Amino acid sequence: MSRVGEADKNISVRISKTSFSFRCLKPVWRSRQLSVNTMLRIFSTNVKSVLLYGCEIWRSIKALHYTRHVFVNKCGTDPSRQPKRGVL
């Protein structure tokens, strides 16, 4: 497997773990007692950190960055929005 393939696999694993982390926080996203600002801070500390763990070893390829940003934008723009089952 090439280094690009290793990075692709690593990113796929990270996205899966991040998606799980996002789903575990479902009660937080549905809470009416928390402000959107608080939800975004929780997202940044608990979800983005899982995604970005180990990213310094990822090769800087535009497509890989795009994949990472698509996931963050998909989950991060509206904390109450859940990813569709089976789709990252």
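Leaving aside neighbours within four places in sequence, Ser21 is in contact with Asn46, Val47 and Val50, where contact means heavy atoms within 4.5 Å. This is a predicted model, in which local features need pLDDT of at least 70 and side-chain atom pairs count only at pLDDT 80 or more, while totals for chains, interfaces and linings use all residues. Residues are numbered from 1 along each chain as its sequence is written, and side-chain values use heavy atoms, with hydrogens and water left out.

- Ser21 lies in helix H1 (residues 3–24), helices being DSSP runs of H or I with at least four residues, numbered from the N terminus.
- Ser21 counts as buried because its relative accessibility is 14%, the term buried meaning under 20% relative accessible area with a 1.4 Å probe and protein chains only.
- Val47, which belongs to helix H3, counts as buried because its relative accessibility is 1%.
- Apart from neighbours within four places in sequence, Val47 touches Thr18, Ser21, Phe22, Leu25, Trp29 and Ile42.
- Between the C-alpha atoms of Val47 and Ile15, which are 32 residues apart along the chain, the separation is 9.9 Å.

**Helix H3**
- Helix H3 (residues 36–52) has a kink of about 35 degrees centred on Ser44, the bend at a residue being the angle between axes fitted to the seven residues ending there and the seven starting there.
- The buried residues in H3 include Met39, Ile42, Phe43, Val47 and Leu51.

**Aromatic cluster**
- Phe22, Trp29 and Phe43 form one aromatic cluster, with rings of Phe, Tyr and Trp (its six-membered ring) pairing if their centres lie within 6.5 Å.

Terms used: Helices (H or I, at least four residues) and strands (E, at least two) are DSSP runs, numbered from the N terminus. Buried means under 20% relative accessible area, exposed over 50%, partly exposed in between (1.4 Å probe, protein chains only). Rings of Phe, Tyr and Trp (its six-membered ring) pair if their centres lie within 6.5 Å; planes under 30 degrees apart count as stacked, over 60 as edge-to-face and the rest as tilted.
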